[in-house]
Amino acid sequence: MTKDDIFASVGLIVIESQSVETLIDLILTYVLQDGSPLTYERLLDIKKTHRRKTLGSFFKQMKDRAEYSAGLDEVLDRFLESRNKLVHRFREVEGHNLESSDDIAKVHRFLNELHKDTSHLMVFFAAWIVAWQKQTGIGKGSLEQVMPPEGETILRDILFMSEFVEQHVFQKEALGKRRE
């Protein structure tokens with residue numbers, strides 16, 4: 001592993017984390033609506049508002065609108081902290097100066113963990129959208145139609161996980177208690 005490999009990994013993970021943000025935006029817009037009717041004008045307003053939001057504010061909205069299993073909640077928090085450390089506070093990453101092979105190895109471990117969390121969240125959020133599509137009939141089967149052949153493995157993971165979304169996401173009741 002070289003410095004160039006580290007920089008390439010950083011670029012890949014930043015792009016992947018943007019995909020997670022896009023999926024969260026879709027979930028907040030369509031799947032976990034805030035109760036207001038989704039008119040065309042409201043959709044434009046949501047899109048405008050979401051462009052200015054931080055990833056942390058997206059996560060807060062998600063947690064305000066639903067509850068999550070302990071394992072998923074842990075991954076969400078770890079991803080947010082690590083992604084923000086990578087993007088905004090890289091000097092806090094152990095080995096950030098990349099001056100030795102040991103430093104490079106430490107940063108590599110940090111990036112590998114963040115990459116794993118990012119990959120898991122991409123699959124989970126895509127599965128959540130697929131589960132919602134199955135439930136509502138809106139856009140059902142569209143992922144299968146647009147996925148290129150090289151995405152067959154991830155498509156299988158997404159479709160499999162879509163059957164288990166309800167085990168990780170819970171509707172909030174008016175008093176903030178989870179539905180039993």
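## Basis

The model is predicted: local features need pLDDT of at least 70, side-chain atom pairs count only at pLDDT 80 or more, and totals for chains, interfaces and linings use all residues. Residues are numbered from 1 along each chain as its sequence is written, and side-chain values use heavy atoms, leaving out hydrogens and water.

Helices are DSSP runs (H or I, at least four residues), numbered from the N terminus. Two packed helices are described by the angle between their axes and the distance between the axes. Axes are lines fitted to C-alpha atoms over the stretch in contact, and angles run from 0 to 180 degrees between N-to-C directions.

## H4 with H1

Helix H1 spans residues 3-31 and helix H4 spans residues 70-88. Their axes come within 11 Å and cross at roughly 135°. H1 and H4 are therefore oblique to each other (under 35 degrees is roughly parallel, over 145 roughly antiparallel, 65 to 115 roughly perpendicular, the rest oblique).

Ala, Val, Leu, Ile, Met, Phe, Trp, Tyr, Cys and Pro count as nonpolar, Asp, Glu, Lys and Arg as charged, and the others, Gly among them, as polar.

## H4 with H3

Helix H3 (residues 55-65) packs on H4 at about 165°, with the axes 10 Å apart. That angle makes H3 roughly antiparallel to H4.

H3 uses Leu-55, Gly-56, Phe-59 and Lys-63. Among the H4 partners are Asp-73, Phe-79 and Arg-83. The contact of H3 with H4 divides into five nonpolar, one polar and four charged residues.

## H4 with H5

The axes of H4 and H5 come within 9 Å and cross at roughly 130°. H4 and H5 are therefore oblique.

H4 residues in this contact include Leu-76, Phe-79 and Arg-83, and H5 residues include Phe-110, Leu-114 and Phe-125. The contact of H4 with H5 has 11 nonpolar, two polar and four charged residues.

## The second largest pocket

The second largest pocket holds about 320 Å³ of space. Of its 18 lining residues, the closest to the centre are Leu-23, Leu-26, Ala-126, Ile-129 and Leu-143. A pocket is an open set of points on a 1 Å grid over the protein atoms alone, where a 1.4 Å probe fits, with protein on both sides within 12 Å along at least five of seven lines; lining residues have an atom within 4 Å of a point. Volume is the space filled by probe spheres set on the points.

H1, H5 (101-136), H6 (142-146) and H7 (152-161) each supply at least two lining residues. H5 gives the most, with seven. The lining has 15 nonpolar, three polar and no charged residues.

Note on methods
Contact = heavy atoms within 4.5 Å.
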